[in-house]
Amino acid sequence: MQKDVKRLSLILLFTPFALWILLLIIIPHMGMVVLSLREKVAPRVYEYGLGNYIDFINEPIYWNTLLRTGSMSLLVTVLALLIGFPIAYYIAKIAGNRTRGALFLLCLVPLWVSDLIRAFGWILLLRETGVISSVLQWSGLVHEPIEFLYNDVTVIIGLVYTVILFMIVPLVSTLDGMDNAMIEAGYNLGGSGPTVLRRIIIPYAMPGIVSGCIVVFMLTAGSYLTPILLGGKNSSWFTEQIYDQFITRFNWESGAAFGFLLLVFTSFVVWLGLKITGQTLANTVARS
Amino acid sequence: MTTSPAYDLECINLSKNFGPVRAVDDVSFTIPSGSFFSILGPSGCGKTTLMRMIAGFEDPASGDIRIKGKSVIDKAPNKRNVKMVFQHLALFPMMNVYENIAYGLKCNGASKAEIEARVRDVLDRIALPDVAEREIHQLSGGQKQRIAIARCMVLDPDVLLLDEPLGALDLKLREAMKIELKLLQHQFNTTFVYITHDQSEALVMSDHVAIMNQGKFEQIGTPQELYHAPNTSFVAGFVGDSNRWSGRMTVINGDTATVETDAGLTLLCSPAGSIRPEAGQSVEIFVRPEFIHAHRQDTSPAEDEPAPVNQLDGKVDSLLFNGANSRVLVRSSSGQLIEADVTLTGGTDDLRPGEAVRLVWSPQQTMCFRT
Ligand SMILES: Nc1ncnc2c1ncn2[C@@H]1O[C@H](COP(=O)(O)OP(=O)(O)OP(=O)(O)O)[C@@H](O)[C@H]1O
Ligand SMILES: [Mg+2]
């Protein structure tokens, strides 16, 4: 009786989760893999084969875009970590109890606004007739309007801005769990500031760093809106290629192949990152 | 003020405020080399704050701290040769035992061979030679304790600070670690400053104990001095068990005084404390349970009982059996419960609850302090 109730509640609890995984993650991806293996040989005639993947390899623009997306995403991840770590450290360890809540909330505020509106905000600021350009002209520093949009630097800034929160949150939660006495012990035993940071704080925060980096990297590599709106035509983001295949060319088969390639590629990068830092996914999830 | 390096640690008029709270108030003390010094006080009296100032984590508002005769006020925490064992030990969970102990040596720039030799040596000394490669979570509570001490001792500190290091342990382990700590201190021959709010820890282990209350040191002395000759009523009440009365002193005659308690009892007592009470003042009276003798009212007391004694009649409320430390709780006619040591042999002679008893004790054992 007791056992049945337990089992039933377990099933009830797990059903939504299992459904979600099955319907929204597993089935679409399997469908995508199947789709990507189909080749159009004539109108409405399909054949199974690796043609879509061979096309990808034969066309340097495609894999260059993928590599570029990957490396820019890595850069964004590193920048988000470098900027996010001090912020997270300040929130978790230095700020008083009351300011901590306020600061954390402040970090969450950008999430209140949709991606699209945020990107438009950047556009309003940065375009040729935008706020910054106008102010610079008005102050006499420059004499003609400057276009800040549509270059890599702007794309990276915009991306860092959108994803940094996902770096800060796991970092704050791991650093918060760190006993202050541990840092003090680090100093007490003779460590200087940099030593304590390198040998105690960073190793302790490693699970948070890794999970933050994974989330940020995945989000960046898979983002669409920010690179397109801030980078324009020459942003060359891989998601743009996928969109192009699906919507513009109506070539679902190759779009699916691209999508699957993006997944494989980003997973590979994450795996490589875990290998290099000597972390495992299990211990990262357990401790952050 | 002396600067003789015979003292490992000197604190001179140290004070510290947290906003309106005066956590440490004008504290001065000196600790001779190689001794075990405890600071005993109730929760929130400023013990941790005092220790954090010595370690350099808090800046004192005023005063000076000298280690081996040299002022360390301007030195950063990592430049002071004072090591600290934290309340929850603060071992580094991402390092194994060996790395934990080696951390401080690496910070000092010791060579690999030297680190290896010294870590092995200190592990031998704490009698845990085989745990070097273990992770911290694979150690027992008592082992963690010893590793935390070894991690400090491997650096040859001038003073080792311990902030209630036994607080997290269960009772049985605490008892064992008490003796262990004392032995370790002997072995390393380093000055230990031990913070606790557990008086039995302080009394058992220490050469000297300071009693702290509300940021001030009430008294510094050997455990025996504090127990038998307390300076203030706070010390008398805090160290050891006591029966207490409050009242007013009516007559004082040399070493004995007569006090009328609030419950209307007249007691003879000896004035104590650094400021002696005077006639007419309100006082507090302390009598330790081991000095009170309880016997049945129908039996007469021993013939050689000294003449002027304090007497109190009452009924046995309950017996607290604890082997050789058994006590009897007696309810006096005014309703107060009084504790007295008794010998319970298990025979028919023992006192039983409900019996009428008379309590007697001498005025010399009746300490009376000005309030
Ligand atoms: N960082 C701080 N900010 C404000 N007040 C503090 C701070 N640290 C301690 N206090 C106050 O100073 C007083 C002494 O605190 P302290 O931690 O030294 O007590 P303690 O004797 O160590 O107590 P316990 O035995 O409970 O550890 C307390 O009233 C405490 O509230
Ligand atoms: Mg404390």
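Predicted model: local features only at pLDDT ≥ 70, side-chain atom pairs only at ≥ 80, totals over all residues.
**Pockets**

Rolling a probe the size of a water molecule over the atoms shows where empty space is left.

| Pocket | Volume | Lining residues |
|---|---|---|
| Largest pocket | about 410 Å³ | 17 residues |
| Second largest pocket | about 310 Å³ | 13 residues |

Nearest the centre of the largest pocket lie A:Leu74, A:Thr77, A:Cys213, A:Gly273 and A:Thr277. Three elements of chain A each give two or more residues to the lining of this pocket: helix 3 (60-94), helix 9 (193-221) and helix 12 (252-277). Helix 12 of chain A provides the largest share, with 7 residues. When the lining of the largest pocket is divided by class, 14 residues are nonpolar, 3 are polar and none is charged.

In the second largest pocket, the residues nearest the centre are B:Ala294, B:His295, B:Val342, B:Thr343 and B:Leu351. Strand 15 of chain B, which covers residues 293-296, gives the most to this lining, namely 4 residues. The lining of the second largest pocket includes 5 nonpolar, 4 polar and 4 charged residues.

**A sheet in chain B**

Strands of a sheet pair through backbone hydrogen bonds, either parallel or antiparallel. In chain B, 4 strands form an open sheet in the order 2-1-4-5, and their pairing is antiparallel. Strand 2 (21-32) and strand 5 (70-71) of chain B are the edge strands, as each pairs on one side only.

Strand 1 of chain B, made up of residues 7-18, pairs with strand 2 of chain B over 8 bridges in the antiparallel sense. Within this part of the sheet, B:Leu9 stands opposite B:Ile31, a residue of strand 2 of chain B.

A helix accompanies these strands. Helix 1 of chain B (residues 47-55) lies across strand 1, strand 2 and strand 4 (62-67) of chain B. The helix runs at about 120° to strand 1 of chain B.

**The interface between the chains**

The size of an interface is often given as the accessible area lost when the parts come together. Between chain A and chain B, the buried area is about 1,800 Å², and carbon and sulfur atoms give 63% of it. In terms of contacts, 18 residues of chain A meet 23 residues of chain B.

Key
Residues numbered from 1 in each chain as written. Chains lettered and ligands numbered in written order. Heavy atoms only, no water. 1 Å grid on protein atoms, 1.4 Å probe; cavity = no way out; pocket = protein on both sides within 12 Å on 5 of 7 lines; lining within 4 Å. Points joined across faces, edges and corners; volume = space filled by probe spheres on them. Nonpolar A, V, L, I, M, F, W, Y, C, P; charged D, E, K, R; others polar. Pairing = 2+ DSSP bridges. Contact = heavy atoms within 4.5 Å. Axes fitted to C-alpha atoms, helices over the stretch in contact; angles between N-to-C directions. Buried area = accessible area lost by both parts, 1.4 Å probe.
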